Amino acid sequence: MVCEKKPGQGSPDGDGFVWNSRAHTEHLAERFLSFGSCVSDNNSFRKAKKLIAEHGIPLPSVTIEYRGLEATTEASIGTGGVVTLVSVPVNLFKKYVLRKHKTTELKLLHNINGKLNPGRLTLLLGPPSCGKSTYLKCLSGYLMPSVRLGGTVKFNGKTTDQFFLKSSAAYVSQYDNHNPNLTVRETLEFAYICQNGVLPTRAPCPFDIPAAKISDPEEAEFVQLVKDAWGTRVRIDIVLRALGLSHCADTPVGDALFRGISGGERKRLTSGEYLVGPRSILMMDEISTGLDSATLYNVIGWLAEATRTLQLTTVVSLLQPPPEVFFLFDDVLLMALGRNIYHGPVKDVIPHFDSLGLVRPHRKDVPSFLLEITTAKGQRSYADDALRDRCQSLLSADATLSLNGTTTAALDDAIRAVISGQAEMTPQQSAQVSQAIQGERRLLINNDELRSLFETQNVHGQKMMYELDHQPFDVQRGHPEALAQREELMSPRETVRQVTRRQITLVMRDGVLLKGRIMQVIVISLLTSSLFYKLGTSLITARTFFGASFMSVLFISFGGFPQIPITLEAKKVFFKHRNSGFYNATSQGLAMALSQLPLSVIEATLFSLIMYFMVGFVRGAGYFFIFFLTCVLTSLSLSSAFRMNACLYPDMVMANALTGLLMVILVISSGFAIVHKAIPGWMIWAYWISPWAYGLRNLVINEMTSPRWTNLPGPNVGDKNLGFAALESFDFYTSRSWIWIGVGFLILSYIVTTIVSILALKFLNPPTIEATVPDEKATLKARLEANERRRGIALRQETQAINTGATKDVSGILSEKLGNTRVQPTPSDVELAKNRSSGLSPFAQEASNAAPSSAKSPTGVSFADGDNNDSSSSSPDGQVLDVEAHRKYSLNHNAHHMPRINTGLPALPASVPDSSRSIISSLAFQPVTLVFKDLWYTVPNPGFSKGAVKQLHAYEAALAAAGGGGGADVETGAFKAGVGEEGKEVGAEKEKEKEKGQGG
């Protein structure tokens, strides 16, 4: 490492270290962290904070104010956003050709108001998908262009067009993207250089306090320590020690294929990249992933001290922090569904929700309680009696929904009409469907009410809103160095130099790739040259020379294939650094292009030395130089083309597929597989842009125009010489000027593909998951199907209770529990019974709106017709009981005490064993409960026996011999209750009721 010298100082310092060397900065970091006490006490931070307060030392700080902050994006409806082989081209065609891509506006943040003060560590808390990452990206300038912002956001009273936000704020992502071949220290050093510059800062030290003003010797020692460390890279060593990374400072970062540091250490390294910089705004998203509680406690503790001392504006998002970590924060910002429902001190969050009626139990930790009250179940669990009394109507409605099922039959018919497009749902029906769908998921206090209560009734919310409205931040009070006025700190030349140095380091450290490529070149050149060993001079061997030249150009281009995976991995790191303002796309593109130059020279040298002399190309320094130059330029041009494709395409699958297709087209049209004049006119463009065509033309013209071939006569009369005759036989040009045209084209293609790569890196963004929202009609249809399935399951269980036999008559249960009421099935119930009796799956037919007739069983319980709205004709008190209530009771009853419905079936003959009553044992396969929407399957029945099948057949024969009554009426779906003469009476009674209903 090159040691920088501080202006005005000699090389060694007072302790004998070279100034700004690694040993020097490590020594300073150890003195700083252990100053006055142990490391965990952070005594140096407290000492610095005291000096800043006593002497009024100004430090750069940023106050963030936002009012009406909203974030919206376009979301695909239904399954339109799901990536499949068919959906991708269809969506692209709809979006760019038809301009009718089915999308809707999705709000990510809803009218958020707030203020972030410097010197306070804020915890951002909320359930998943509540908008935490979007909120952090809004305040740090990391949002994708597809997200539109609304409202106003000001930093020290300035809008984002008055400074460079990405260079002033740091966003620590949830994802850890690093160069695996760099060590931990090298990663932090590169981040430090990009944010602070290569040379030491020449800004005056803020702790340059005269000795006369310091009375405490310990304070004087600390001030001198700060002066010694000012302008050095001691911040790197301090961050390494504070984050617990000093023990692995020289360990490569590694990745999935290369072993390095652990996942938790990699997560801390991601945070450390921004902590070594001078930024005053830190937005840290889910930094606890992979960290144990003790490490997280130490990291947050150090971060809290640094925030309070250096006046940083820090927001940390944690999913569910431990209680001891929670109380290290100064403020907490609680979010739910894109709304902030509390933003104030940590110590006052529990009293605030206590005043709203959400009481935390004594043994419940605070973070878990705060997360749970954002859900309906949590609010119901922690609501006090007063809140329950205020929300009694809502709780009663939920109880009714849980008793009566999801939706009523009439509402199901309305939903069917909406799905089929025959009618629109009325506002009342829409409200009923919404209420039925939400059920117990409805909040007692919704998020908008919680936000309003905080802003209007909480003292911190009232103060925050008053300051936003009447006391905004004065721009004149802002520190001039708090907000960056330059996008990049280093000059363009220095940026290219540093990025290229890092890129060459990455290439040189990839030993597996380097050894593999060198071995590939040697083996391929030996194999290829052995196939064309020592060729002679004739028209036939000339064509063999063409084949050797074609194979040379083809195989030398294979060295560029690794550029695709290497570039795709490097893009992840680049996008992070580009969004953070470390360096630009030009630096990255030039660095990748320049780092390929030495590799191409090495590969071309090895390949040329083996291939040229073993095949027997013409001996001559000039001819060999042209062969070597063509191989170098072909390797550079095609490597740059592969790298360009990797920059253009978002992932490995698409890059490999499209690159392979393009390569096949260009290789076939290179002039060897298909000669120049035989290429169709509509494909001739590929011949003129193919690097393989120019490289092949250079090699064959270089060989065939040498004296070895031009001094021999041609085979035909009129041929100028053998070399020209051979070239013309393959439609190659014969002038040597085409060699330099080819050289110029290869150089130009190398430059053009590099420029395209730079433009792709500059304007393209990393792939993101497209937002989707459910299709309203599809959701209603799924709810309807689920409702019908529930009814079908209930009917099957009731029928199973009849077949398996129970010990108690249903009439006694109904008279005991429900009184003299009528059980009224819905039309879907009757249709499901009809499907069941006809042997069809209950989910195979669509529910019918036709109304079945009622039938009366010997138990006295009527199954009423679904369309008959007259409910007072058969029960003494005029009550009608929905079948859902009957099912709910039956399903909750113990299986051993399932009510037995007296169906009126005859007693079994003595010859029929009792085991034949078990229908399950006679089924070879038993159905499995449905889990997915359109999935219906069965599994082998372990209780199956052939004897049970025979016994069931005997039982059915006995029923037929007894009179043929019982069973289910296929026409009406109602259960027949009688047999013999009794059955005829029931049938006649049913016909009379049907005629009466038609007459009405």
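The legends below describe close-up views of a predicted model.

**View 1. Helix H23 and the helices around it.**
Helix H23 covers residues 539–556, 18 residues in total, and reaches 26 Å from its first C-alpha to its last, close to the 26 Å expected at 1.5 Å a residue. Its buried residues include Thr541, Phe545, Phe546, Phe550, Val553, Leu554 and Ile556. The buried residues of H23 pack against H25 (585–615), H26 (621–648), H27 (652–668), H29 (691–704), H30 (707–710) and H31 (722–729). Phe545 also belongs to a cluster linked by ring pairs, together with Tyr612, Phe613, Phe617, Phe624, Phe627 and Trp709.

The structure holds 32 aromatic pairs. In one of them, Phe561 and Phe642 are stacked, with 4.7 Å centre to centre and 20° between the planes. Phe561 lies in the loop between H23 and helix H24 (563–579) and Phe642 in helix H26, so this pair ties together parts that are 81 residues apart in sequence. Phe561 is partly exposed at 31% relative accessibility, whereas Phe642 is buried at 3%. The rings of Tyr687 and Trp688 have their centres 5.0 Å apart and their planes at 80°, so this pair is edge-to-face. Tyr687 is buried, at 2% relative accessibility, while Trp688 is partly exposed at 31%.

**View 2. Arginine side chains over aromatic rings.**
The charged end of Arg502 sits over the ring of Phe190, 4.5 Å from the ring centre. Arg697 lies over the face of Tyr694, with a distance of 4.7 Å to the ring centre.

**View 3. Surroundings of Gln596.**
Gln596 is placed in helix H25. Its relative accessible area is 2%, so Gln596 counts as buried. Leaving aside residues up to four places away in sequence, Gln596 touches Arg517, Gln563, Leu636, Ser639 and Arg643.

**View 4. Spans annotated as transmembrane.**
An unreviewed UniProt entry lists several residue ranges under "transmembrane region", among them 589–615 and 621–642. In the model, residues 589–615 are 100% helix and 0% strand, with the end C-alpha atoms 37 Å apart. Residues 621–642 are likewise 100% helix and 0% strand, and their end C-alpha atoms lie 31 Å apart.

The structure holds 22 salt bridges. In one of them the side chains of Arg22 and Asp250 meet at 2.9 Å, N to O. Arg22 lies in helix H1 (residues 22–33) and Asp250 in the loop between helix H8 (234–242) and helix H9 (263–275), so the pair ties together parts that are 228 residues apart in sequence. Arg22 is partly exposed at 30% relative accessible area, and Asp250 is partly exposed at 48%. Another salt bridge joins the side chains of Arg67 and Asp469 at 2.1 Å, N to O. Arg67 is in strand S1 (residues 64–77) and Asp469 in helix H20 (residues 459–470), 402 residues apart. Both ends are partly exposed, Arg67 at 32% and Asp469 at 42%.

Arg451 forms a salt bridge with Asp448, the closest N and O atoms being 3.2 Å apart. Both residues lie in helix H19 (residues 447–457), three residues apart, about one turn of the helix. Arg451 is buried at 12% relative accessible area, whereas Asp448 is partly exposed at 36%. Elsewhere, salt bridges that share partners join Arg22, Glu26, Arg185, Asp237 and Asp250 into one network.

Notes: Residues numbered from 1 in each chain as written. Predicted model: local features only at pLDDT ≥ 70, side-chain atom pairs only at ≥ 80, totals over all residues. Heavy atoms only, no water. Helix = DSSP H or I, 4+ residues; strand = E, 2+ residues; numbered from the N terminus. Expected span 1.5 Å × (residues − 1). Buried < 20%, exposed > 50% of the residue type's maximum accessible area, 1.4 Å probe, protein only. Contact = heavy atoms within 4.5 Å. Phe/Tyr/Trp six-rings, centres within 6.5 Å; stacked < 30°, edge-to-face > 60°. Lys NZ or Arg CZ within 6 Å of the ring centre and 35° of its normal. UniProt positions renumbered as here; feature names shortened; annotations may be inferred. Salt bridge = Lys/Arg side-chain N within 4 Å of Asp/Glu carboxyl O.
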